[in-house]
Amino acid sequence: MELICSKDLKKPDNYEFLTTPLWGKVLFPASLNIVTAHPKAGKSSFLYSWAGNVTRGLEWGGIEPPRPLKVVYWELENPEVIQYNKVNAVANDNFWVSKSGWAEDFDIEKVPKKLQAAGFWPDILIIDPFV
């Protein structure tokens, strides 16, 4: 690792992109946000509800996204029927979900290739559960 004087630090070329919030003062491009709570506290339901609103450009929790956001929800925990019930209520063109069977071969390094193959590049990637 190279160390440099802070006065010599240059602004990144993509500074404006990286510092423009996607949702409030919480979610920025290329950031990692982790939602944690006790088991069965409703994390998945919370994320489905939130994603359903921000993908339509609607306010949620008092915060409105700057535009409809594109979300991929990678479901690794719930059976297909539960996933269908949760997604059916909030489905729209900007909200994509993993198909049944993607959980078995989930490998974080393969995610970009699978997204590219699907022809959809999201603003937000939700992996549930993350651990």
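## Aromatic cluster

W23, F46, W50 and W60 form a cluster linked by ring pairs. Rings here are those of Phe, Tyr and Trp (its six-membered ring), and they pair if their centres lie within 6.5 Å. The whole structure holds seven aromatic pairs.

The rings of W23 and W50 are edge-to-face, because their planes stand at 80 degrees, with centres 5.5 Å apart. Planes over 60 degrees apart count as edge-to-face, under 30 as stacked and the rest as tilted. W23 sits in the loop between α1 (15-19) and α2, and W50 in helix α2, so this pair joins parts 27 residues apart in sequence. The rings of W23 and W60 make a tilted pair, with centres 6.3 Å apart and planes at 50 degrees. W60 lies in the loop between α2 and β1, so that pair ties together parts 37 residues apart in sequence.

## Model and conventions

This is a predicted model; local features need pLDDT of at least 70, side-chain atom pairs count only at pLDDT 80 or more, and totals for chains, interfaces and linings use all residues. Residues are numbered from 1 along each chain as its sequence is written, and side-chain values use heavy atoms, leaving out hydrogens and water.

## Burial

Buried means under 20% relative accessible area, exposed over 50%, partly exposed in between (1.4 Å probe, protein chains only). W23 is buried at 11% relative accessibility. W50 is buried too, at 6%.

## Helix α2

Helices (H or I, at least four residues) and strands (E, at least two) are DSSP runs, numbered from the N terminus. Helix α2 has 12 residues (43-54) and should span 16 Å at 1.5 Å a residue; its end C-alpha atoms are 16 Å apart, which agrees. The expected span is 1.5 Å times one less than the number of residues.

Its buried residues are S44, L47, Y48, W50, A51, G52, N53 and V54. Their cover includes β1 (71-75), α3 (80-88), β2 (95-97) and β3 (124-128).

Conventions. Contact means heavy atoms within 4.5 Å.
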